[in-house]
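Welcome! Here is a friendly tour of one protein chain, topic by topic. Keep the structure open beside you as you read.

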Amino acid sequence: MRIYISADMEGVTGLVDADDVQPGGRDYERGRAKMAEDVNAAVRGALAAGAAHVLVNDAHGPMRNLLPEALHPAARLVRGRPKQLGMLEGLTGEYDAVLCVGYHSRAGAPGVLSHSFMGHEIEDMWLDGRPVGEIGLAQATAAALGVPVVALTGDDAACAEMTEWDPSVATVPVKYARDRFAAELRPEAEAREAIEETVAAALTPAPRRPAPSAAEATLAVRWQSASVAATLLGIPGVTADDPRTVRASGPLPALYRQFGVWMRVASSLTNQPPYC
């Protein structure tokens, strides 16, 4: 069994504030250590279920948060950026399952550190008319490759968003949102034991894989800046719904890759890096 882990940071056990997850923040070094502990719990669960190969993609912000020496020695790590597939870099149809660790709810939704990919720059997103954030776009892209997302960890809002998007995915709430920068924290040992046990159960027996799909999907994004939307209209296939909302259609994961280009354009215009 080959297992892929996409590791974000806002949904990690114990973290609630930008200072916990942004390089240079006063608690960032502590936060990146906690990120490794959550990821390692998921790796242990995968190994307990019989995984022979585990690939971890550091999917948060600069994508250099996980220190290689802090990662479980059985796992391989994809680190740094840019990456053509961003939060799913390295995922192919050769994998049997995806685990999303440390994920958060979408922009505008209740939840700890909720946003969609670019902090305040993205106001809303829709996939085939359905409100979507990092969780739904990851699940849909993996499914198009024929790989199921089988487990997700994060706060209770992220878990609820995953369940609404795909109720077959096992979820582990490691904290309970009180506001965007406040949460009731689950005891760390308890949370990581739950991650390990849930992942092992989700992979036993080996998950059934969906058929890969080349069907077209449509992604629409409403930006805070009309300048971003206007500039993106220079990309073939991108059309405008209104002065701040653009859309494009195509098969996943190609559409996911194109969205990565949109974020790089937005970053160059706003001086705000893609965050995730």
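Glu196 is partly exposed, with a relative accessible area of 27%. Please keep in mind that this is a predicted model. Glu196 lies in helix H5, and its salt-bridge partner is Arg44. From this pair we can move on to other salt bridges, then to the helix itself, the sheet, the cores and the whole chain.

**Charged pairs**

- Side chains of opposite charge can pair when their charged atoms come close.
- In the whole structure, a search finds 14 salt bridges.
- Glu196 and Arg44 form one of them, with their closest N and O atoms 3.0 Å apart. Because Glu196 sits in helix H5 and Arg44 in helix H2, this pair ties together parts that are 152 residues apart in sequence.
- Arg44 has 32% relative accessibility, so it counts as partly exposed.
- Another salt bridge joins Arg192 to Glu37, and here the closest N and O atoms are 2.7 Å apart. This pair also links distant parts of the chain: Arg192 belongs to helix H5 (residues 188-202) and Glu37 to helix H2 (residues 28-48), 155 residues apart.
- Are the two partners buried or exposed? Look at Arg192 and Glu37. Arg192 counts as buried because its relative accessibility is 10%, under the 20% cut-off. Glu37, at 35%, counts as partly exposed.
- Asp96 and Arg209 form a salt bridge too, and their closest N and O atoms are 3.8 Å apart. Asp96 is in the loop between strand E3 (75-78) and strand E4 (97-103), while Arg209 is in the loop between H5 and E10; the two residues are 113 residues apart.
- Asp96 counts as partly exposed at 22% relative accessibility, and Arg209 counts as partly exposed at 36%.
- Which residues do salt bridges with shared partners join into one network? They are Lys34, Glu37, Asp38, Glu188 and Arg192.

**A closer look at helix H5**

- H5 has 15 residues. From its first C-alpha to its last it reaches 21 Å, close to the 21 Å expected at 1.5 Å a residue.
- An α-helix has 3.6 residues a turn, so residues three or four places apart point the same way.
- The buried residues in H5 are Ala191, Arg192, Ala194, Ile195, Thr198, Val199, Ala200 and Ala202.
- What covers these buried residues includes H2, E4, strand E7 (149-155) and strand E8 (170-179).

**An open sheet**

- Five strands make an open sheet with antiparallel pairing, in the order E6-E5-E10-E12-E11.
- Strand E6 (130-131) and strand E11 (239-242) stand at the edges with a single partner strand each, so one side of each has no neighbour in the sheet.
- Strand E10 (residues 216-223) pairs with strand E12 (residues 245-251) in the antiparallel sense, over seven bridges.
- To trace this pairing on the model, find Arg222, whose bridge partner in E12 is Thr245. Then find Glu216, which stands opposite Pro251 in E12.
- E12 also pairs with E11 in the antiparallel sense, over three bridges. Here Ala240 stands opposite Val246 in E12.
- How many residues does the hairpin use to join E11 to E12? The hairpin joins these strands through two residues.

**Nonpolar cores**

- The largest nonpolar core has 49 residues. Those with the most contacts inside this core are Phe117, Trp223, Phe259 and Trp262.
- A second, separate core has 37 residues, among them Ala41, Ala51, Val112 and Val174.
- Leaving aside its neighbours within four places in sequence, Trp223 is in contact with several residues, including Met118, Ile122, Leu232, Val246 and Trp262.

**The whole chain**

- The chain has seven helices and 12 strands.
- Its radius of gyration is 17 Å, close to the 19 Å given by the globule rule for 276 residues, so the chain is as compact as a globular protein of that length.
- Taken along the principal axes, the C-alpha atoms fill a box of roughly 50 × 45 × 30 Å.
- Of the 276 residues in the chain, 56% are buried.
- Among contacts between residues at least 6 apart in sequence, 67% join residues at least 24 apart.

How values were computed:
Residues numbered from 1 in each chain as written. Predicted model: local features only at pLDDT ≥ 70, side-chain atom pairs only at ≥ 80, totals over all residues. Heavy atoms only, no water. Core = buried A, V, L, I, M, F, W, Y, C linked by side-chain atoms within 4.5 Å. Buried < 20%, exposed > 50% of the residue type's maximum accessible area, 1.4 Å probe, protein only. Contact = heavy atoms within 4.5 Å. Pairing = 2+ DSSP bridges. Helix = DSSP H or I, 4+ residues; strand = E, 2+ residues; numbered from the N terminus. Salt bridge = Lys/Arg side-chain N within 4 Å of Asp/Glu carboxyl O. Expected span 1.5 Å × (residues − 1). Rg over C-alpha atoms; globule rule 2.2 N^0.38 Å.
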